[in-house]
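Subject: Structure handover

Hello,

The structure you asked about is below, with the sequence. My notes on it follow.

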Amino acid sequence: GRYFGAAIAAGRLGDATYTRILTTEFNAVTPENEMKWDATEPSQGRFTYTNGDRILNQGLSNGSKVRGHALLWHAQQPGWAQALSGTALRNAALNHVTQVATHYKGKIYAWDVVNEAFADGGSGARRDSNLQRTGNDWIEAAFRAARAADPGAKLCYNDYNTDGINAKSTGIYNMVRDFKSRGVPIDCVGFQSHLGTGIDSSYQANLQRFADLGVDVQITELDVEQGGNQATIYSTVTKACLAVSRCTGITVWGIRDSDSWRTGANPLLFDNSGNK
């Protein structure tokens, strides 16, 4: 079956309205920030899981799937990692993947192993980052380390501005096709779908072409700017996922409009008071 999830923050779990909506309307959770590199390894080799574990336990106590987010990303790195480069950074990054995935072994439904590693625009190329400068195979190495640490979790690549067939999504498509052809462990691709007042007409076809490579596809960070088309766009995304047999779930990025990172856009399914 498919899941319907929300990205949540540990600091909001004391809010009765928030947790009521979470437990009655959703059957999957994603941590907004609590499992990212800066949160889990604030100093090198010293791991802290308190808030990540709060998210995990909130989800598991409700019988929900938990999506881990995110093992490696160019942003929200701790200062010590930002100061590294080359082999030292590569080794630290792979150790981070191994340690965090091992801590959560057997409890995470799917991991965003690598987040946002492709450039915007028309190049279809990788984003320049300290991780990319360790060598183009860094993504492959991360997926292999994650599989070794937690063989049961689905391993995903996650990105934004990939909601239709375009240069960026095609660059990712080519990477996934290459990974599948060489036995690199990748199980799913996440489409963030932070949408404005329109949606690409090739949205469903894009999901389908990835599914045809033999990976699951997931809508991972859905929110839609308030406007005349907001309900229609939510409907379009939902119908596209339902039409693609390997689309395994939809996650919205937050619960109430007041929980959203998109201040003033009122982009979620519940208003500030918690009404649908």
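A disulfide here is a pair of cysteine sulfur atoms within 2.5 Å. By that cut-off Cys-241 and Cys-247 are joined, at 2.1 Å from S to S. Please keep in mind that this is a predicted model.

Disulfides

The whole structure holds two disulfides. The torsion about the S-S bond of Cys-241 and Cys-247 is about -100°, so this link is left-handed. Cys-241 and Cys-247 are both buried.

The other bond is between Cys-156 and Cys-188, with the sulfur atoms 2.0 Å apart. Cys-156 sits in strand 5 (residues 154-159) and Cys-188 in strand 6, so the bond ties together parts 32 residues apart in sequence. The Cys-156 and Cys-188 link is left-handed, with -80° about the S-S bond, and both of these cysteines are buried. Counting the bonded cysteines in sequence order, the pairing reads 1-2, 3-4.

Helix 8

Helix 8 covers residues 203-211, and its buried residues include Tyr-203, Leu-207 and Phe-210. The buried residues of helix 8 pack against helix 7 (167-182), strand 6 (188-191), strand 8 (216-224) and helix 9 (230-243).

Cavities

There are three cavities of 30 Å³ or more. Among the residues lining the largest cavity are Leu-22, Phe-26, Val-29, Gln-58 and Asn-62. Helix 1 (16-25), strand 2 (28-31) and helix 3 (50-61) each give two or more residues to that lining. By type, the lining of the largest cavity has four nonpolar residues, six polar and no charged.

Regards

Notes. Residues are numbered from 1 along each chain as its sequence is written. This is a predicted model: local features need pLDDT of at least 70, side-chain atom pairs count only at pLDDT 80 or more; totals for chains, interfaces and linings use all residues. Side-chain values use heavy atoms; hydrogens and water are left out. On a 1 Å grid over the protein atoms alone, a cavity is a set of points where a 1.4 Å probe fits but cannot get out, and a pocket is an open set with protein on both sides within 12 Å along at least five of seven lines; lining residues have an atom within 4 Å of a point. Grid points are joined across faces, edges and corners, and a volume is the space filled by probe spheres set on the points. Helices (H or I, at least four residues) and strands (E, at least two) are DSSP runs, numbered from the N terminus. Ala, Val, Leu, Ile, Met, Phe, Trp, Tyr, Cys and Pro count as nonpolar, Asp, Glu, Lys and Arg as charged, and the others, Gly among them, as polar. Buried means under 20% relative accessible area, exposed over 50%, partly exposed in between (1.4 Å probe, protein chains only). Contact means heavy atoms within 4.5 Å.
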